[in-house]
Amino acid sequence: TSPNNKKLIVIDAGHGGHDNGTSFAKWNEKDIVEQISKKIFEQNDPSKVEIVLLRDTDNFISLSDRVNKINELNPNLVISLHINANATLNASGIEAYVSEKNNNHLASKEHAEKLVKAIANDNLKSRGVKPANFFILKNSKCPSVVLDLGFISNENDRNYITSEEGQKEIATNIIKSIQ
């Protein structure tokens, strides 16, 4: 934990630089999650929770460098933000992933459930919490969650996650969930 026993939360905006992540028309996953991560940082009350952004510019950071930085910081939680896509255009909603190979699996799952519940709304339905052995999840030495914040391939999700209002609402709900 950080000084004064404040929670330290790492927000990892997935992808970046030459790695666009998923894309649809003019939108790239790396840009959407970077915008949302910045809004989380800007809207946060630093007297309650300290937030560290792993990426706040359009730069590429390898998965091993991300994990090394996370483990060096030793946060209370890492949230890796991503956007989903599917060939089935009606696939929609928010989902979270946690790894059973993480020593903090139960805490990760509790955080994931709380985050999904906080963010799911009329615009983003809940798709629940699922197991996955993604690199960051299984190699971080702290509770770790990957959040897929909707489907760029779904028109309703895309309109919400690319809008200023939708991004602010997601950021606000993430902050509420981690305080």
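This is a predicted model: local features need pLDDT of at least 70, side-chain atom pairs count only at pLDDT 80 or more; totals for chains, interfaces and linings use all residues.

Biologist: Which residues of the lining lie nearest the centre of the largest pocket?

Modeller: The lining comprises 15 residues, and those nearest the centre are His15, Leu63, Ser80, His82 and Ile136. By class, the lining divides into seven nonpolar, five polar and three charged residues. The space in the largest pocket amounts to about 190 Å³.

Biologist: Why is α5 called roughly perpendicular to α6?

Modeller: The axes of helix α5 (residues 155-162) and helix α6 (residues 164-178) cross at roughly 80° and come within 4 Å. Angles of 65 to 115 degrees count as roughly perpendicular, and therefore α5 is described as roughly perpendicular to α6.

Biologist: Which residues make the contact?

Modeller: Helix α5 contributes Tyr160, Ile161 and Thr162, while α6 contributes Glu164, Gly166, Gln167, Glu169 and Ile170. The residues of this contact comprise three nonpolar, three polar and two charged.

Biologist: What makes Gly17 count as buried?

Modeller: The relative accessible area of Gly17 is 18%. Buried means under 20%, so Gly17 is classed as buried. Its place is in the loop between β1 (7-13) and β2 (23-24). Leaving aside residues up to four places away in sequence, Gly17 touches Lys30, Asp58, Asn59 and Phe60. Gly17 and Asp31 are 14 residues apart in sequence, and their C-alpha atoms are 9.7 Å apart.

Biologist: Is Glu95 buried or exposed, and how do you know?

Modeller: Glu95 has 2% relative accessibility. The cut-off for buried is under 20%, so Glu95 counts as buried. Glu95 is found in strand β6 (residues 94-98). Beyond residues up to four places away in sequence, Glu95 touches Asn84, Val116, Arg127, Gly128, Lys130, Val146, Leu147, Asp148 and Phe151. Between Glu95 and Ser163, which are 68 residues apart in sequence, the C-alpha to C-alpha distance is 19 Å.

Biologist: Why is Ser108 called buried?

Modeller: Ser108 has a relative accessible area of 0%. The term buried requires a value under 20%, and Ser108 is therefore buried. Ser108 belongs to helix α3 (residues 105-119). Not counting residues up to four places away in sequence, Ser108 touches Val98, Asn102, Cys142, Pro143, Ser144 and Val145.

Notes:
Residues are numbered from 1 along each chain as its sequence is written. Side-chain values use heavy atoms; hydrogens and water are left out. Axes are lines fitted to C-alpha atoms, for helices over the stretch in contact, and angles run from 0 to 180 degrees between N-to-C directions. Helices (H or I, at least four residues) and strands (E, at least two) are DSSP runs, numbered from the N terminus. Angles under 35 degrees count as roughly parallel, over 145 as roughly antiparallel, 65 to 115 as roughly perpendicular and the rest as oblique. Contact means heavy atoms within 4.5 Å. Ala, Val, Leu, Ile, Met, Phe, Trp, Tyr, Cys and Pro count as nonpolar, Asp, Glu, Lys and Arg as charged, and the others, Gly among them, as polar. On a 1 Å grid over the protein atoms alone, a cavity is a set of points where a 1.4 Å probe fits but cannot get out, and a pocket is an open set with protein on both sides within 12 Å along at least five of seven lines; lining residues have an atom within 4 Å of a point. Grid points are joined across faces, edges and corners, and a volume is the space filled by probe spheres set on the points. Buried means under 20% relative accessible area, exposed over 50%, partly exposed in between (1.4 Å probe, protein chains only).
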